[in-house]
Amino acid sequence: MEPILEIKNLHVTFHTHAGPVHAVRGVDLKLAKGETLAVVGESGSGKSVTAQAIVRLIPSPPGRMEAGEIRFGGRDLARVSEKEMFQVRGSEIGMIFQDPMTSLNPTMTVGKQIMEGLMWHQSFNREQARKRALEMLRLVGIPTPEKRVNQFPHEFSGGMRQRGMIAIALACNPKVLIADEPTTALDVTIQAQILDLMKGLQEKTETAILLITHDLGVVAEAAQQVAVMYGGKVVESGRVNDIFHRSRHPYTWGLMRSMPRLDWKRDEELTPIPGSPPDLFDPPAGCPFADRCPHAMVICHEEMPEVSTVSDTHRVSCWLEHPQAAETKARAATPM
Ligand code: SF4
Ligand code: MG
């Protein structure tokens with residue numbers, strides 16, 4: 001199926017006083033209509049920067065998209081005018097972030113913020129927009145919408161604000177929703193409600209969702225596709241089952257042991273991956289995981305592994321996939 005959103009060879013660098021930070025280094029992602037693609041990885045792996053690049057919201061300066069294409073609706077979003085991008089952000093691609101207070105306008109009622117998008121981008125009149133705002137607040141499960149529509153964000157609780165942001169993001173029926181850690185700051189019950197809500201809306205509207213999270217429980221619950229990011233690269237990607245049950249990348253194995261999963265019990269121990277992520281001021285020439293990988297071979301430190309196709313749905317970039325890897329390992333293990 002033709003993807004609704006496709007990111008090709010994305011490179012983003014932050015030009016800081018201390019030197020350039022290569023935050024995203026050649027990322028490829030595809031998002032299909034009606035599906036959820038979860039992007040997982042430790043903080044600093046480039047997940048949020050990738051999401052911001054799609055909608056051109058990378059803080060610039062110091063950030064800069066150095067290369068790549070963002071294919072959406074027959075155009076390359078990296079190259080459209082700011083005016084066109086404004087239209088895309090308001091109505092074709094919705095956004096939800098971890099902290100609603102950073103993206104909600106504190107000086108405007110929540111209702112007005114929903115109405116604005118509709119009036120700007122969909123030429124609704126005031127009456128129609130207000131009706132739709134009430135409908136959206138109801139849809140996201142906000143009680144007494146007639147009262148809430150006139151309230152400011154600070155009058156909402158954390159969970160309510162998150163719902164308010166979803167209402168804003170979805171009011172214009174976007175084709176794509178970008179959700180960056182949408183439930184991280186919330187307690188478990190509300191988290192589950194918000195995920196259910198997103199899923200329900202997705203079923204109704206066929207919205208494609210790019211979901212950034214570091215919670216594998218959330219991935220199992222909400223996604224069909226997964227991309228694992230490390231050191232500014234996608235190191236493995238596939239269907240949820242490929243990643244949860246047939247993973248081929250040592251970093252994904254470590255991630256599975258270090259992050260809570262759906263079947264995770266509170267008293268079960270999580271094993272953090274020893275070591276720290278690569279220095280993105282001076283990214284390694286080889287595999288970004290080489291310094292922490294228990295299976296690293298000499299070549300891992302020298303050359304970046306190519307992307308190998310495990311199956312139609314499953315891709316991995318690791319030297320262990322190389323046909324001669326077993327031989328190389330055996331040789332390394334033999335004393336000279
Ligand atoms: Fe480990 Fe080498 Fe694979 Fe990287 S390429 S994950 S270092 S085995
Ligand atoms: Mg982030």
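**Helix packing, ligand shell and backbone geometry**

The helices H7 and H8 cross in a right-handed sense; a crossing has this hand if the near helix is turned clockwise from the far one by less than a right angle, and is left-handed if anticlockwise. The model is predicted, so that local features need pLDDT of at least 70 and side-chain atom pairs count only at pLDDT 80 or more, while totals for chains, interfaces and linings use all residues. Residues are numbered from 1 along each chain as its sequence is written, chains are lettered from A and ligands are numbered from 1 in the order in which they are written.

On the H7 side, the contact is formed by Gly159, Gln162, Arg163, Ile166 and Leu170, and on the H8 side by Ile190, Ile194, Leu197 and Leu201; two residues are in contact if their C-beta atoms, placed from the backbone, lie within 7 Å. Six of the residues in this contact are nonpolar, two are polar and one is charged (Ala, Val, Leu, Ile, Met, Phe, Trp, Tyr, Cys and Pro count as nonpolar, Asp, Glu, Lys and Arg as charged, and the others, Gly among them, as polar).

With H4 at residues 110-121 and H5 at residues 126-139, the axes are 9 Å apart and the angle is about 125°. This value makes H4 oblique to H5, and the crossing of the pair is right-handed. From H4, the residues Gly111, Ile114, Met115, Leu118 and Met119 meet Ala129, Arg130, Arg132, Ala133 and Met136 of H5. Seven nonpolar residues, one polar residue and two charged residues make up the contact of H4 with H5.

Gln87, Gly90 and Ser91 of H2 face Gly117, Trp120 and His121 of H4. The composition of the contact of H2 with H4 is one nonpolar, five polar and no charged residues.

Ligand 1 is surrounded by 15 residues, of which Cys287, Cys293, Ala296, Cys300 and Cys318 are the closest; a residue is near a molecule or strand if its C-beta atom, placed from the backbone, lies within 6 Å of it. The shell around ligand 1 consists of 13 nonpolar and two polar residues, with no charged residue.

Asn9, in strand E1 (residues 5-16), has a positive phi near 50° although it is not a glycine.

As a whole, the chain comprises 13 helices and 12 strands; helices (H or I, at least four residues) and strands (E, at least two) are DSSP runs, numbered from the N terminus. Its C-alpha atoms fill a box of roughly 80 × 50 × 40 Å along the principal axes. The radius of gyration of the chain is 21 Å, which agrees with the value near 20 Å that a compact globule of 336 residues would have; this radius is taken over C-alpha atoms, and the globule rule is 2.2 Å times the number of residues to the power 0.38.

Conventions:
Axes fitted to C-alpha atoms, helices over the stretch in contact; angles between N-to-C directions. Parallel < 35°, antiparallel > 145°, perpendicular 65-115°, else oblique.
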